[in-house]
Amino acid sequence: MSRGSSGHFAGGNGGYFRHNDRTTDTVNSIFNDELNEYSCSADEAYKIYGEELRARASSYFKRTNQKIQKNTITHRSLIINLEKHHTLKDLETIKKHLEKELDTKILQIAIHRDEGHINNGKNIKNYHAHIEMMGIDSFGISLAQHQNKSKSKTKVEQTRTSRLDTNFYKKFQTFLANTLEMKRGKENSKAKRLDTYEYKAHKEKENINLSQNKNQ
């Protein structure tokens, strides 16, 4: 049975890069029969992040004569459900879509095939991808704010309304399902938004419950 598609955004941090390429060990890694995939190493992702942060912070300073506020989220993380056959090539369309729609820069993409659980001797894989991206756009504006370009293309206006709003999420979830050819996840869910790694733990528990119900 095909699992439903799902994508969850959260604030990221540098430790995610090393988790993604397995530079840092994780207790979640319990299988070794399939290889993970990475668009780049943690060190390469750090380098891209540093270059992008300097360029975008410079753009913000030139435009406002101010530094980016310290509490601005400059790194965002997205985790999405996958199926066994998906590869990095399948995620290229998603990468381009995010960079175009959010004016962000994708820093690292990783597909994990070594996580899941064992139920009655059967391997239940949790196929998923991590997509790390800049949390500020090319003007240095947080993705948590709208960006409206003027006709001059050098000036922008920003509002406190998040670009990552309900309308964006609904459209993005549909886009994910269509792109990955998966069943769309439940719409208008009232579930509490979890941190990226809390979300992973929640999905693991959900998968266990599903497999247990099938065996009852």
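Modeller: In this predicted model, 5 strands form an open sheet with antiparallel pairing, and their order is 1-3-7-4-2. Strand 1 (7–11) and strand 2 (37–38) are the edge strands, each pairing on one side only. Strand 1 runs antiparallel to strand 3 (residues 75–81), to which 5 bridges join it. Within this pair, Ala-10 stands opposite Ser-77 of strand 3.

Helix 2 (residues 42–64) lies across strand 3, strand 4 (106–112) and strand 7 (128–134), and runs at about 150° to strand 4. Helix 4 (residues 166–180) lies across strand 1 and strand 3, at about 130° to strand 1.

Helix 4 also packs with another helix. A packed pair of helices is described by the angle between the two axes and the distance between them. The axes of helix 3 (residues 92–102) and helix 4 come within 11 Å, crossing at roughly 155°. Because angles over 145 degrees count as roughly antiparallel, helix 3 and helix 4 are roughly antiparallel to each other. The crossing of helix 3 past helix 4 is right-handed. On the side of helix 3, the contact involves Thr-93, Ile-94, His-97, Leu-98 and Leu-102; these meet Phe-168, Phe-172, Phe-175, Leu-176, Thr-179 and Leu-180 of helix 4. The residues of this contact comprise 8 nonpolar, 3 polar and no charged.

Definitions and conventions
Residues numbered from 1 in each chain as written. Predicted model: local features only at pLDDT ≥ 70, side-chain atom pairs only at ≥ 80, totals over all residues. Heavy atoms only, no water. Pairing = 2+ DSSP bridges. Helix = DSSP H or I, 4+ residues; strand = E, 2+ residues; numbered from the N terminus. Contact = heavy atoms within 4.5 Å. Axes fitted to C-alpha atoms, helices over the stretch in contact; angles between N-to-C directions. Parallel < 35°, antiparallel > 145°, perpendicular 65-115°, else oblique. Left-handed = near helix turned anticlockwise from the far one by under 90°. Nonpolar A, V, L, I, M, F, W, Y, C, P; charged D, E, K, R; others polar.
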